[in-house]
Amino acid sequence: MTEPSRPTHTTFVIEGMHCASCASKIEKAVQAVPGVASAAVNFASEQARIDFDASLTSIDQLLQTVVRVGYKARLPKEEEILTPSAAQKGEIISLQRAFLVSLGLTILLIAGMRQGWNRWVLTAIAAPIQFWSGWRFYQGFFHQLRYRSVDMNTLIALGTSAAFAYGLYDCRYLDTSAMIITFILLGRWLEWRARGKVSDAIRALLQLSPPHARVLRQGQEQDIPLADVQVGDSLIIRPGERIPVDGSVESGQSEIDESMVTGESLPVLKKTADLLIGGTLNTVGALTLRATAVGQETFLARIVQQVQEAQGTKAPIQQLADRVAGVFVPIVLGIAVVTFLSWWGLAHAPIQGLQAAITVLIIACPCALGLATPVALMVGMGIGARHGILFRTSEALQLTGQATIVLFDKTGTLTMGRPEVVRVQVDDNALALAASAEALSEHPIGRAIVLYARAHGLALMPAHEFEAIPGIGVKALVNGHRVFVGKNLGTESAAVNVGIDEKPAGYIQLADAIKEDAPDSVKILQARGLEVWMVTGDHAASAKYVGDRCGIPNSRVRAEVLPGDKAKVVEELQQRGENVLMVGDGINDAPALAQADVGIALGTGTDVAIESAGITLSSKKLGAVVSAIKLSQATLRDIRQNLFWAFFYNAAALPLAAFGRLTPAWAALAMGLSSVTVVGNALRLYRTKL
């Protein structure tokens, strides 16, 4: 029996799209190919993400499918991630040139018409505008005609051609087609320039990596290109330099600024064996680094890859706009025909009817509608990546802002996953003896007692005859005294007895160390109207202690929950009609992360947890959960604004155009600026305070 093939995915660069209806057309064609599970075409990024069964179809077949419906498709080049592609740059330059030529000739044409120039001179001025500056629209029109299809070029080419043709009959109308083309070119030029800024956050991340690295080979320092660094190389990192690749500290120590990668605001102390992330900044000390990941395997490269894949997905909120855009152009053509016939047949005014029909064709561009959602999502995901918040899909970004409950795991999420001393009921001498005995222990409780004693200035003494008693504690001879530390008393957290020379000396109480920002993060979430819950497999007393410290009501704390039952807690809350955001880090959290509407995995957690989650946080701080919700809500607000204005624009403009209340030239200007407005509104997300 042959093993079934595993589904795979690919990303294409699509060239030739002019509006959201183009993207919809490509999606339908690709989804009809046998073996394709899903296809998402992003008009804003000019990319398609396709999930398919490689045993049933191939990348070449998928590329040919895109070509058959009238567009160019290719696999992306690696350098296109870092900078806009040559095609994008070329389009911006081409649009700028065409606009400037069209603008100059249009001004000359209007001046000539006012001064009564000869009609043939006016026609000679108008012709280059129509057939040189506007040639891109004809190219698109003929291309779509070849495939028996329509898009925005169809509307523009038909509208301007009708206006130009009538201008040849009556030169008083020659400026109409000229102004339409000029304004549309202006709108597209501004739109393309604005769209080039959408991925600035991702490009900024990639530019963190230095172009060269200082490698220690055969005892000599060598400056080599970053691409030549290999796993296992020793790299010299001087103060003020960025770390080229992922690795661990071989020697030295320094404080590392990780803010651009993880969102951590304060520098982090790194010493021997600590992990270093490529792209972070070494601030004060010199380090020697052993490379553990290079190239596309680095943390930074994987972030960019994940964000790019996520930007290729579609959020549920985008579906309505896509459905409308998919049928919009044919409907507009029909409205234009009805408008012309109505003016001619009912009002006996064919000239006004022609002008109204042209205005309908021009005003009804679905570009703004098609850009409304994907541009905002792309910006939101890019901002998230720069703050250590990695969304796996657009759906995760949308649903995060719609959450009503945030459900936290306890150990390793709200807490540090290690005990700390919270209360001491022994004198300093007994504490010093206990810590000295525990200094030889590897148990987390022992380490916590040692750290507490040292932090309080107590000197530790040599211990002899050390004995670790599994499940009980430790014994040792310290400074002539028989010391015993151990035996769980079963109090609200954990406590150990201290005995000196077989006499009770008191006890030391410990608890799982709560993350510094956990109480504030919970408070902020509650202030934003979210219910905060906690679920843990730990015993009730420990859960209550952490819940009380974090400000989580006892009624919203679930303790002693088996790993497999955490998902049932999520499901129970969902059955109440709640949208649940689950935050966890361990293997036992994976089912709950997958069950939740959106799972958030701490980047410090296990790979299984991260793979099960919709969001990964590269920061250890829970403030990143708050930031993720803020970013999602800001992005959703931006999308709703964009969709409202895009729908409102078309709903208001079409009747005005059909009833002759709008001129073609003004329609062209409004159409172009509507797309620019949508992109500009999305770029306002960069000002969001997280």
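My entries follow, from the whole chain down to single residues.

**Ground rules**

I'm working from a predicted model, where local features need pLDDT of at least 70, side-chain atom pairs count only at pLDDT 80 or more, and totals for chains, interfaces and linings use all residues. Residues are numbered from 1 along each chain as its sequence is written, and side-chain values use heavy atoms, with hydrogens and water left out.

**Whole chain**

I started with the secondary structure, which comes to 25 helices and 26 strands. These are DSSP runs numbered from the N terminus: H or I of at least four residues for helices, E of at least two for strands. Of the 690 residues, 51% count as buried. Buried means under 20% relative accessible area, exposed over 50%, and partly exposed in between, with a 1.4 Å probe and protein chains only.

How many of the contacts between residues at least 6 apart in sequence join residues at least 24 apart? I wrote down 68%. Contact here means heavy atoms within 4.5 Å.

I checked α6 (residues 135-146) for length. Its 12 residues should span 16 Å at 1.5 Å a residue, and the end C-alpha atoms are 17 Å apart, which agrees. The expected span is 1.5 Å times one less than the number of residues. I listed its buried residues as Arg136, Phe137, Tyr138, Gly140, Phe141 and Gln144. An α-helix has 3.6 residues a turn, so residues three or four places apart point the same way. Arg148 follows α6 with a positive phi, near 55°.

Then I looked at α18 (residues 444-455), which also has 12 residues and reaches 16 Å from its first C-alpha to its last, close to the 16 Å expected. Gly446, Ala448, Ile449, Val450 and Ala453 are buried there. Just after α18, Gly457 takes a positive phi of about 75°.

**Aromatics**

I found 12 aromatic pairs in the structure. Rings of Phe, Tyr and Trp (its six-membered ring) pair if their centres lie within 6.5 Å; planes under 30 degrees apart are stacked, over 60 edge-to-face, and the rest tilted. Phe131 and Phe164 have ring centres 5.3 Å apart and planes at 85°, so I put them down as edge-to-face. Phe131 is in helix α5 (residues 119-133) and Phe164 in helix α7 (residues 152-169), so the pair ties together parts 33 residues apart in sequence.

Is each one buried or exposed? Phe131 is partly exposed because its relative accessibility is 42%, while Phe164 is buried at 7%. Both belong to a cluster linked by ring pairs, along with Trp135, Tyr138, Phe141 and Phe142.

I also noted the charged end of Arg119 over the ring of Trp120, 5.9 Å from its centre. That call needs NZ of Lys or CZ of Arg within 6 Å of the ring centre and within 35 degrees of the ring normal.

**A six-stranded sheet**

I traced an open sheet in the order β6-β5-β7-β13-β8-β11, with antiparallel pairing. Its edge strands are β6 and β11 (275-276), each pairing on one side only. Two strands pair if DSSP finds at least two bridges between them. Six bridges join β5 (residues 212-217) to β6 (residues 220-225). Ala213 has Ile224 as its bridge partner in β6, and Arg217 stands opposite Gln220. The hairpin leaves two residues between the strands, and Gln218 takes a positive phi near 55°.

**Single residues**

Gly599 lies in β25 (residues 598-602) and is buried, with a relative accessible area of 2%. Beyond its neighbours within four places in sequence, I found Gly599 in contact with Met582, Leu593, Ala613, Gly614 and Ile615.

Ser627 is in helix α24 (residues 623-658) and counts as buried at 9%. With neighbours within four places left aside, Ser627 is in contact with Ile389 and Leu690.

Where does Glu502 lie? I placed Glu502 in the loop between β20 (494-500) and β21 (503-514). Glu502 has a positive phi of about 65° although it is not a glycine, and counts as exposed at 83% relative accessibility.
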